[in-house]
Amino acid sequence: GTLLHLQDKIPLGRRIATAFFTLVTVTILGMVFGWCAQKSMVYEPLAIRLQFVFQNFEMLKLFLGAIAGGQIVFFILCLANRGLFNTVRAAFMGCMERKGVVGTALGAALLGAGMALGGGCPGMVLAQVGSGVPLAYVSLLGCFTGALLYGLLEKPLLKMAMAIRINQKYCVAEGQSHSRRTPFFLLACCLCLGGAVALIEVLSPWSTAVTSLIQPDVLNATGSLWGRYIVDAVSWPAWMCGLIIGLLQLPLCLLVKDSLGSSTSYMLLISQWVHALPERHRQKFPEMDTLAKQSHQAQNWWQVLYVVGVVLGSFVSSFLSSTYGTAAKGVYPVEGFVGGILMLFGSRLAAGCTSGHGLSGMALLVTYSIIAVPFMFAGGIITAFTMQAVGSITPSVQW
C-alpha cells in the first residue's frame with residue numbers, strides 16, 4: 001500500500017518515460033543474449049545434442065562461463081548493495097513458492113529430454129528462429145503448446161510438484177551470523193568455474209570444436225571463423241559469449257530487480273486468454289491467472305521484450321556473418337514440436353529453465369537450482385544416448 005502511494009506521487013510522464021526506457025533497454029539486453037548465442041554456435045541443435053553425448057563441449061563452456069559472469073555480478077552486488085541482492089534473490093524464490101524437490105527434479109529432467117530431442121532450450125529456440133535454423137518455428141510452436149498444457153494442468157499437478165519441500169533456500173546458510181559467507185562463496189565458485197572452463201578449453205579448443213559444427217560450405221565461403229571484423233565473425237569463443245551473457249545480470253538487477261530467465265515470457269503470452277474467463281473459473285489455472293492479472297503493468301512485460309530482443313540479436317549476428325539459414329541444420333518437425341512441449345512443460349513444472357535455474361539460480365546459489373541442473377543434464381544425456389543408439393542424433397533438415 002505504501003509503495004503504491006509513493007508511485008501515485010510520481011508524475012505520469014515520468015512513469016511512462018521510465019517504463020519506456022526500461023523496456024527498450026531490456027530489448028537491447030535480449031539482443032546481446034541473442035547475438036552471443038548465435039556467435040557461440042551453441043544455438044545449433046547439433047551442438048546441444050553432441051554436448052549430451054560428450055562429443056562437443058561448447059554448450060558447457062557457454063553455460064559455465066555465464067554462471068561465472070553472473071556470480072561476478074552478484075559478488076559485487078552482495079558487497080555494494082546487499083538490499084538489492086536480497087531483492088533479486090527474493091524475486092527468484094517467489095517462483096518456487098509452489099514447488100518442491102519432486103516437481104523441480106522431474107520438471108528439470110523433462111526439460112533436459114526436450115533439449116536433446118528438440119536440439120534447443122527455451123532461450124536457444126528463439127536464437128534459432130532469429131538465425132534462420134530450418135523449421136525452428138515448429139520448436140517455438142511446441143514451446144507455446146507446452147506452456148499452455150502446463151497452465152491447464154498445473155492445479156492437478158500441484159500436490160506432486162510441492163512434494164518434499166526443503167527449508168534451506170540457499171546452499172550457503174543465511175542469517176546475520178552467516179551473511180559474510182555469501183560473497184566469498186560466490187567468489188570461490190566463480191574462480192572454480194573459471195578454472196574448469198580453462199581446462200575444458202585446453203582439452204577441446206574452441207576453433208576445432210566449432211569447425212566441426214559449421215557446414216563446410218559456410219566455412220569455405222567465409223574463409224575464417226573471425227572474418228575481417230569482430231562483428232562479422234562466424235563465431236566467438238563460447239566461454240567469452242557465456243561471460244558476456246552472465247554480466248547481463250547487472251543491468252537487469254538495476255533496471256527490473258530480477259535475473260535472467262525466458263520461460264515466463266511464454267507463459268505470460270499464453271495466459272492472456274484467461275482474461276476472457278469469469279473470475280470463478282480463473283482459480284483453476286493459478287499461474288496463468290496470476291500472470292494475466294499482472295500483464296496490465298508495463299514493467300511485467302520486460303521478459304517478453306527481452307526474448308523479442310533475442311530473436312533480433314541472433315538475426316543481426318547471422319546476417320552480418322553471412323550465415324543466416326546456412327550454418328546449421330534443423331531437427332525433424334516431430335522432434336522439434338515434442339521437444340518444445342517438453343522444454344516448456346518441464347521448465348514450468350521445475351519453475352525455471354536453463355536461463356532461470358541454470359544461469360540465475362546457480363549463480364544465486366539457490367538450493368532448488370542446484371538440484372534442478374543435474375536432473376536437467378541427466379534427462380538430456382539419457383535422451384541423447386537413446387537417440388544416438390537408434391541413429392538419429394545428427395540433425396539433417398536444410399532449407
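Residues are numbered from 1 along each chain as its sequence is written, and side-chain values use heavy atoms, with hydrogens and water left out. Because the model is predicted, local features need pLDDT of at least 70 and side-chain atom pairs count only at pLDDT 80 or more, whereas totals for chains, interfaces and linings use all residues.

The chain contains 20 helices and zero strands; helices (H or I, at least four residues) and strands (E, at least two) are DSSP runs, numbered from the N terminus. Of its 399 residues, 54% count as buried. Here buried means under 20% relative accessible area, exposed means over 50%, and partly exposed lies in between (1.4 Å probe, protein chains only). The accessible surface comes to about 16,900 Å², and 70% of this area belongs to carbon and sulfur atoms. Accessible areas were computed by the Shrake-Rupley method with a 1.4 Å probe, and for residues only the protein chains shown count as cover. Among contacts between residues at least 6 apart in sequence, 84% join residues at least 24 apart, a contact being heavy atoms within 4.5 Å.

The interior was examined in terms of nonpolar cores, each a set of buried Ala, Val, Leu, Ile, Met, Phe, Trp, Tyr and Cys residues joined through side-chain atoms within 4.5 Å. The largest nonpolar core has 85 residues, and Met115 and Tyr306 have the most contacts inside it. Helix α4 supplies the largest share of this core, eight residues. Apart from it lies another core, of 22 residues, which includes Phe92, Met96, Leu186 and Cys253. When neighbours within four places in sequence are left aside, Met115 is in contact with Ile48, Phe52, Met59, Gly120, Cys121, Met343, Thr354 and Met376.

Helix α5 covers residues 82-93, 12 residues in total. From first C-alpha to last, α5 reaches 16 Å, close to the 16 Å expected at 1.5 Å a residue; the expected span is 1.5 Å times one less than the number of residues in the helix. Leu84, Phe85, Val88, Arg89, Phe92 and Met93 of α5 are buried. These buried residues pack against α4 (58-80), α9 (181-203), α13 (249-256), α19 (354-363) and α20 (367-389).

Four salt bridges were found in a search of the whole structure, a salt bridge being a side-chain nitrogen of Lys or Arg within 4 Å of a carboxyl oxygen of Asp or Glu. In one of them, Glu335 pairs with Arg49, with the closest N and O atoms 3.1 Å apart. This pair links distant parts of the chain, since Glu335 lies in helix α18 (residues 333-350) and Arg49 in helix α3 (residues 45-52), 286 residues apart. Glu335 is buried, with a relative accessible area of 13%, and Arg49 is buried at 0%.

Lys61 takes part in a salt bridge with Glu58, in which the closest N and O atoms are 2.7 Å apart. Both residues lie in helix α4, three residues apart, or about one turn of the helix. Lys61 has a relative accessible area of 0% and is therefore buried; Glu58, also at 0%, is buried. A further salt bridge joins Glu201 to Lys61, with the closest N and O atoms 2.9 Å apart. Glu201 belongs to helix α9 and Lys61 to helix α4, so this pair ties together parts that are 140 residues apart in sequence. Through shared partners, the salt bridges join Glu58, Lys61 and Glu201 into one network.

Ser204 lies in the loop between α9 and α10 (206-211). Residues up to four places away in sequence not being counted, Ser204 touches Phe57, Glu58, Lys61 and Ala209. Its relative accessibility is 16%, so Ser204 counts as buried. Ser265 is buried, with a relative accessible area of 3%, and touches Gln303, Val304 and Val307 when residues up to four places away are not counted.

Tyr229 is placed in the loop between α11 (216-222) and α12 (238-247). With a relative accessible area of 51%, Tyr229 is exposed.
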